[in-house]
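Subject: Structure handover

Hello,

Here is the structure you are taking over. Please open it first, then read the notes below it.

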Amino acid sequence: MKHILEELSSVARKYKVLIVIVLLVVAIGGIAIFRQSDSKAVADFAASYNSLNEAILDYPIPNLSKDSEWRENVDKFSDIYSQIIESNGPNPTRLKLAKDATIANDDGIRYLMDAEIIEGEISGILMNVNTKAVAIKDKELKNSAIEIADIARNELNSYSSYRKANLNKRLKLDKLLKSIVDDNGGIARLKEMIDDEEENSKTKSLNEDLSKIPNEFKSLKDSRLISYARFKGLADIKD
């Protein structure tokens, strides 16, 4: 009887070891599948982020001062507008200048409105980046990816604010120019608009935004690049 019990005990120990081995194999396999799945999620996020980064690099609004088309338009408009302000000549001459300036200004307005379309496309890419970020299972990597998406969203909002401020300035100029055209080259209405305290306050605020916002989006861009460099280190992504 004792011998039989010893045999049963030996068999039980063998099965116990076998069960432990099976459980370990299953656990290791599960971890491998988890890691493989997370590796794909990380790679998908990296790919979507790179698409976003390229789209931002191609977006002209952050670098308006360096964009040749915009600079040409600004120089052309500024030249005509200065002639209008300084002109003491007959109204017909000023009227023609105002009409020429209006055409140049309209080109600038159109440029900024076209940029809004690109802005929308970048926003779509950003939504994809956010979707890929939340799909990552590793908590630290996920939090890092979500942080990058959040910074990028604030960065894009900053670009949008800068574009809108430039557009609002152009629209204000459009009103000034049209006041000259409506006055057949006269500047009486123009002077009234320029001397209006409320309008001057709005113009001052607008110019302050145009001066301040570039520093904001530069800071956000730097933060995004630093955060992504950290993410690459955590995820062991090689260039």
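What pattern does the protein follow, read along the sequence? The pattern is α-α-α-α-α-α, and the count of secondary structure comes to 6 helices and 0 strands. Please keep in mind that this is a predicted model.

Some overall values come next. The protein has 239 residues, and 33% of them count as buried. Its accessible surface is about 14900 Å², with 56% of that belonging to carbon and sulfur atoms. If you take the contacts between residues at least 6 apart in sequence, 82% of them join residues at least 24 apart.

The largest nonpolar core contains 38 residues, and F45, I136 and F231 have the most contacts inside it. Two or more residues of this core come from each of helix 1 (2–58), helix 2 (68–86), helix 3 (91–134), helix 4 (139–182) and helix 6 (197–235). Helix 4 gives the largest share, 10 residues.

Leaving aside residues up to four places away in sequence, I136 touches D38, A41, V42, F45, L141, K142, A145 and F231. Two of these, F45 and F231, were named above with I136 for their contacts inside the core. There is also a second, separate core of 13 residues, which includes F77, L97, L176 and I180.

Next, one helix pair. Two packed helices are described by the angle between their axes and the distance between the axes. For helix 2 and helix 4, the angle is about 35° and the axes are 13 Å apart. Their crossing is left-handed. On the helix 2 side the residues are W70, N73, V74, F77, Y81 and I84, and they meet N166, R170, L173, L176, L177 and I180 of helix 4. Sorted by class, this contact has 9 nonpolar, 2 polar and 1 charged residues.

Last, two backbone details. Most residues other than glycine have a negative phi. N184 has a positive phi, near 55°, and is not a glycine. N184 lies in the loop between helix 4 and helix 5 (188–195). Is N184 buried or exposed? N184 counts as exposed because its relative accessibility is 55%, and the cut-off for exposed is over 50%.

D236 also has a positive phi, about 55°, without being a glycine. D236 sits in the segment after helix 6. With a relative accessibility of 52%, D236 therefore counts as exposed too.

Regards

Notes
Residues are numbered from 1 along each chain as its sequence is written. This is a predicted model: local features need pLDDT of at least 70, side-chain atom pairs count only at pLDDT 80 or more; totals for chains, interfaces and linings use all residues. Side-chain values use heavy atoms; hydrogens and water are left out. A nonpolar core is a set of buried Ala, Val, Leu, Ile, Met, Phe, Trp, Tyr and Cys residues joined through side-chain atoms within 4.5 Å. Buried means under 20% relative accessible area, exposed over 50%, partly exposed in between (1.4 Å probe, protein chains only). Helices (H or I, at least four residues) and strands (E, at least two) are DSSP runs, numbered from the N terminus. Contact means heavy atoms within 4.5 Å. Axes are lines fitted to C-alpha atoms, for helices over the stretch in contact, and angles run from 0 to 180 degrees between N-to-C directions. A crossing is left-handed if the near helix is turned anticlockwise from the far one by less than a right angle, and right-handed if clockwise. Ala, Val, Leu, Ile, Met, Phe, Trp, Tyr, Cys and Pro count as nonpolar, Asp, Glu, Lys and Arg as charged, and the others, Gly among them, as polar. Accessible areas come from the Shrake-Rupley method with a 1.4 Å probe; for residues, only the protein chains shown count as cover.
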